[in-house]
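Please open the structure in a viewer and keep the selection tool at hand.

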Amino acid sequence: MFEPVAYKTRNISPFGGARYAVAPMLDWTDKHCRFFHRLLSRRVQLYTEMVTTGAILFGNKARFLDFSPAEHPIAVQLGGSDPGELAKAARICADWGYGEINLNVGCPSDRVQNGRFGACLMREPALVGDCVAAMRGAVSIPVTVKCRIGVDDQDTQEALDALAEAVVQAGVDGLVVHARKAWLSGLSPKENRDIPPLDYARVHRLKQDRPGLPVMLNGGLATLAAAEDAIRDGVERPLDGAMIGRAAYQNPEILLGVDALPPPGEAPAPAPVADGFEAIDAFMPYVGAQLQAGVRLNQMTRHLLGLFPGRRGARLFRRHLATEAVRHGAGLEVLRAAVALVSREPAGEADEGARQAALPQGAS
């Protein structure tokens, strides 16, 4: 268990002071995934999967909250709508060592709606403000919100402005905006990540209207180059950063470029490792320790399947891990054998197409 830490002076810099973050993704960004992502970038801000207040207050806290100190900077994303429960959960998370509390106001799944949290809270900006105020009063670390630009038939200009006004008045430290509407009925969570059109301009208008509010962009950002363009977009006041979701999971090596794109005032830095091969070498001691602790190999290697795009043998690498890492007693030798199948020479387009087809397609 991660040992509790004493509160520090309030850090008013959200997003871990980073320009880039990996989005919280249900069933994907667990502690094994985050540890591996940290090997690819020292600067990227990492987020947990969404954790409900009930899980923290009444469940196995260690199961949902434990993480390695190496994962810093790291934030926890909470799901809930009761200010008192959120305040209690936020305090537990701060004691656990997290550097930021993020409130989910963007997930459109039925389960989340039934719990009266996630994207449906876009309809209740005053309640979101109460939640932020309660959490901010309970912890000394930044409190941020991840939201949509609106839901269903809401006018996005009015909806996002109303939410921003409520959370700013409550003292929010930053806003992450997924630049799409969410449709709470008629579209699945997966469809809600693709079908509603992106509106980066709406997020930029928010930043121009509220220059003092740190705003990070999320949604449809497939490369760092695209993210840099979207952050700037020719406006006078660029956004404060970008949150990458599926692209960072399905091609983890995208994170190798993050440290060269620091926030203003910081110098660019090289990536901690040169490529996916070095990243796996650095991951091996962690994998070995987790195996000794009883973690199955496939629980860790499933986060590596997006590695080695454009390299010959990548398909064999994925196939070997998919068939062998799930076996009882599978150990480091399985991972080493899989890596040995990959050439450092670029692959053809056919192999890259197969890579995309083999990757998981859902996240939250």
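Is C33 buried or exposed? At 0% relative accessibility, C33 counts as buried. The model under view is a predicted one.

**Stop 1**

Please begin with C33 and C107. C33 takes part in no disulfide, and the nearest cysteine sulfur, which belongs to C107, is 17 Å away. Next, select C147 together with C120. The closest cysteine sulfur to that of C147 is in C120, at 13 Å, which is too far for a bond. C147 counts as buried because its relative accessibility is 0%. The structure as a whole holds zero disulfides.

**Stop 1: the nonpolar core**

In soluble globular proteins, nonpolar side chains tend to be buried together. Here, the largest nonpolar core has 117 residues. Please select L78, I101, I280 and F317, the residues with the most contacts inside this core.

Keep F317 selected and display its surroundings. Neighbours within four places in sequence being left aside, F317 is in contact with I280, L304, L307, F308, A338, V339, L341 and V342.

Now extend the selection to helix α13, residues 314-324, whose buried residues are A314, F317, R318 and L321. Viewed down the axis of α13, these buried residues fall within an arc of 95°, and therefore they line one face of the helix.

**Stop 2**

The structure holds eight aromatic pairs. For one of them, select F35 and Y286: the ring centres are 4.0 Å apart and the planes stand at 20°, so the pair is stacked. F35 belongs to helix α1 and Y286 to helix α11, so this pair ties together parts that are 251 residues apart in sequence. F35 counts as buried at 14% relative accessibility, and Y286 likewise counts as buried, at 11%.

**Stop 3: the salt bridges**

Side chains of opposite charge can pair when their charged atoms come close. The count of salt bridges in this model comes to 14.

Select R34 and E71 first. Their side chains meet in a salt bridge of 2.6 Å, N to O. R34 lies in helix α1 (residues 31-40) and E71 in the loop between α3 (61-65) and β3 (74-79), so that distant parts of the chain, 37 residues apart, are linked. Both R34 and E71 are buried.

Proceed to R43 and E266, which form a salt bridge with the closest N and O atoms 3.4 Å apart. R43 is in the loop between α1 and β2 (46-52), and E266 is in the loop between α10 (246-250) and α11 (276-292), so the pair ties together parts that are 223 residues apart in sequence. R43, at 22% relative accessibility, counts as partly exposed, as does E266, at 39%.

Then select R202 and D161, whose side chains meet in a salt bridge of 2.8 Å, N to O. This pair links helix α8 (residues 200-209), which holds R202, with helix α7 (residues 156-169), which holds D161; the two residues are 41 residues apart. R202 counts as buried, at 0% relative accessibility, whereas D161 counts as partly exposed, at 27%.

Definitions and conventions. Residues numbered from 1 in each chain as written. Predicted model: local features only at pLDDT ≥ 70, side-chain atom pairs only at ≥ 80, totals over all residues. Heavy atoms only, no water. Core = buried A, V, L, I, M, F, W, Y, C linked by side-chain atoms within 4.5 Å. Buried < 20%, exposed > 50% of the residue type's maximum accessible area, 1.4 Å probe, protein only. Contact = heavy atoms within 4.5 Å. Helix = DSSP H or I, 4+ residues; strand = E, 2+ residues; numbered from the N terminus. Arc of directions from axis to C-beta. Salt bridge = Lys/Arg side-chain N within 4 Å of Asp/Glu carboxyl O. Disulfide = S-S within 2.5 Å. Phe/Tyr/Trp six-rings, centres within 6.5 Å; stacked < 30°, edge-to-face > 60°.
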